[in-house]
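The points go from the ligand to the aromatic rings and then to some details of the backbone.

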Amino acid sequence: MKTKFDPLKYRPDFPILKQKIHGYPLVYFDNAATTQKPKMVIDAIKNFYERDNANVHRAIHQLGERATEAYEKARKTIAGFIGAESEKQIVFTKGATESINLVASAWGRKYISEGDEIIVSEMEHHSNLIPWQLLAKDVGAVLKILPINLDGTLVFNEFEHILSNKTKLIAVTHMSNVFGTINPIKKIVSMAHDRGIPVLLDGAQSVPHLPIDVGFLDCDFLVFSGHKMCGPTGIGVLYAKINHLENMNPYQGGGEMISSVWLDNATWNEIPHKFEAGTQNIAGAIGLAKAIEYLEYVNMRDITLYEQDLVTYTINKLMSIDGVVIYGNAPARGGAISFNLDDIHPHDLAHFLDQKGIAVRAGHHCAQPIMRKLNLAATTRASLYFYNTVEEVDYLAEQLVEAKKFFNL
Amino acid sequence: MDAEFRELYQEIILEHSKSPRNFRRMEDATHKLEGRNPLCGDQYTIYLKIENGIIADISFEGSGCAISKASASVMTSVLKGKSIAEAKKLFEQFHDIVTGVKTTGDDTDISRKIAAFSGVAEYPVRIKCATLAWHAMRNSIEGVTNSVTTEEK
Ligand SMILES: Cc1ncc(COP(=O)(O)O)c(C=O)c1O
């Protein structure tokens, strides 16, 4: 390991990691699905409900004021974390999935019409594929697919062939939840912007692991989920450039998103409130802001560097086991590692590992097109976070060898 | 290793999953149905040749975990030559065993084979694996032709 980062300094902050599973210390390698929560975040949510709970933007009373202040402060914290110019660019949603659906509905339905084209890549999570399929079907647009290579990288040169003067949007993931691939976003954005095409970036896997600066990336939309970055479930973010937010239609109708209402008409609240109809996940937003404070305290740059080290170590370790095949070999990659071991089915393997206290994911990882491309039904995935240790990786490798013995009569 | 887990992956189950019986396509099947578990991608096609109410031949192909494959294999081996009524009864017995409701109560060769799956009852998440092929079989003999998934009971 090249970095001096010490995960043991942070592990005590995560109460859940202290437990045993089937008599073995929990080894949590399912961070791409959701990460664990530090006590700080759990306490922030608890404190909110115990001390400040009220609805926001609606009450004159003290609690309402406190809740509103905390909610809007959370927006500022998030804006700062991703380098947004203004907190008006931060829309709270329930997660990356809802953020994408929001854009598909509020932006897509206004700007994409019959015959227009939307580009997504072949490595997208279903949440960055299905909303565009639905939109394309509804308005008569065409979904174009940027293919991937078998090593889990984009076939970048194919952009030339599928871009056209009808392309209205490129929606692409920053980091693959299957291969770990970090895509060349700067290159994609500048190519797209040269042609006046906006880019939606799925940051569900990148925002938790890499320092993100939307000013530098210059993407038009960025979506991510709180629960994959030490925050609670049920809260996520849509960041967008101001002009897009100003021009977009509302997403859902209801309270809070309006300015004035008559029986037959209404005008919309200013951004970002225009997109937040109904009572929002106030405690969730506060919890996410606390998670961000925590990640900033750990330091995002250190997290990235440590994870780079740990992922290299893990891959080398797994490759040293006879019968392990790893899917994805991008030059730039993060901590999601998909693999198979001999002909042991991922479900059987994941169940075996669970018996040893190790949590991994088995399945298609919400990316069935990738599985089809690789001609696989499923893979096992170990996904890392900064609280994982070299010792845990060694233990995983040990147990993979045990699994081979167990399943090979 | 925990005894219950060994119980789940008994030798007979591992053996059937590695060398599944009747693992082939059947060109002259009278009944054919695909069963899928969309959550994990397990997918099998069950073929039946039913003549005069008797399962004259049964086979399967597809892929999935050891539990689902062994269960399909054992199913084909116990159902060959059985009547439709017997097949339905065995379905019920198998279902009772993997859900832990009750055992077959006798000690025939068939009972022993399906009793090997009793360990599944300790692991509710694996019940769908164990019953996938059986559900496809039962639906198929009842005339269903669209693929079945584990999401519908
Ligand atoms: C790349 C990617 N995009 C989007 C999502 C969807 O996130 P959520 O389910 O939190 O909306 C995920 C979650 O697994 C993901 O990995």
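1. The ligand shell. The ligand is surrounded by 13 residues, and the closest are A:Thr97, A:Asp202, A:Gln205, A:Ser225 and A:Lys228. By class, the shell holds two nonpolar, nine polar and two charged residues. Please keep in mind that this is a predicted model.

2. Polar atoms at the ligand. A nitrogen atom of the ligand lies 2.5 Å from an N or O atom in the side chain of A:Asp202. An oxygen atom of the ligand is 2.6 Å from a polar side-chain atom of A:Lys228. The backbone takes part as well: a polar backbone atom of A:Ala96 is 3.4 Å from a ligand oxygen. On its own the ligand has 400 Å² of accessible area, and the protein covers 85% of this.

3. A:Asp202 in its chain. This residue belongs to strand β8 (residues 199-202) of chain A. Is A:Asp202 buried or exposed? A:Asp202 counts as buried because its relative accessibility is 3%, which is under the 20% limit. Between A:Asp202 and A:Ser225 the separation is 23 residues in sequence and 9.8 Å in space, taken from C-alpha to C-alpha.

4. An edge-to-face pair in chain B. Over all chains, the structure has 31 aromatic pairs. One of them joins B:Phe94 and B:Phe117: the ring centres are 5.4 Å apart and the planes meet at 65 degrees, so the pair is edge-to-face. B:Phe94 sits in helix α4 (residues 84-98) and B:Phe117 in the loop between α5 (109-115) and α6 (127-141), both of chain B, so that the pair links parts of the chain 23 residues apart. Both of these phenylalanines are buried.

5. Other ring contacts. In chain A, ring pairs link A:Phe5, A:Tyr10, A:Phe14, A:Tyr294, A:Tyr297, A:Tyr306, A:Tyr385, A:Phe386 and A:Tyr387 into a cluster. Charged side chains also lie over ring faces: A:Lys187 over A:Phe156, at 4.2 Å from the ring centre, and B:Arg138 over B:Phe91, at 4.4 Å.

6. A buried histidine. B:His16 is in helix α2 (residues 11-18) of chain B. With a relative accessible area of 4%, B:His16 is buried. Its side chain makes a polar contact of 2.6 Å with the side chain of B:Ser73.

7. Backbone details. Most peptide bonds are trans, and most residues other than glycine have a negative phi. Which peptide bond is cis, with omega near 0 degrees? The bond from A:Ile271 to A:Pro272 is, and A:Pro272 is in the loop between β12 (265-268) and α9 (282-298) of chain A. A:Asn375 has a positive phi, near 60 degrees, and is in the loop between α12 (368-374) and β17 (379-383) of chain A. B:Asn22 has a positive phi of about 50 degrees and is in the loop between α2 and β1 (31-37) of chain B. A:Asn375 is exposed at 70% relative accessibility, whereas B:Asn22 is buried at 16%.

Methods. Residues numbered from 1 in each chain as written. Chains lettered and ligands numbered in written order. Predicted model: local features only at pLDDT ≥ 70, side-chain atom pairs only at ≥ 80, totals over all residues. Heavy atoms only, no water. Near = heavy atom within 4 Å. Polar contact = N/O pair within 3.5 Å; in protein donor to acceptor, adjacent residues only side chain to side chain. Areas by Shrake-Rupley, 256 points an atom, 1.4 Å probe, with all protein chains shown as cover. Nonpolar A, V, L, I, M, F, W, Y, C, P; charged D, E, K, R; others polar. Phe/Tyr/Trp six-rings, centres within 6.5 Å; stacked < 30°, edge-to-face > 60°. Helix = DSSP H or I, 4+ residues; strand = E, 2+ residues; numbered from the N terminus. Buried < 20%, exposed > 50% of the residue type's maximum accessible area, 1.4 Å probe, protein only. Lys NZ or Arg CZ within 6 Å of the ring centre and 35° of its normal.
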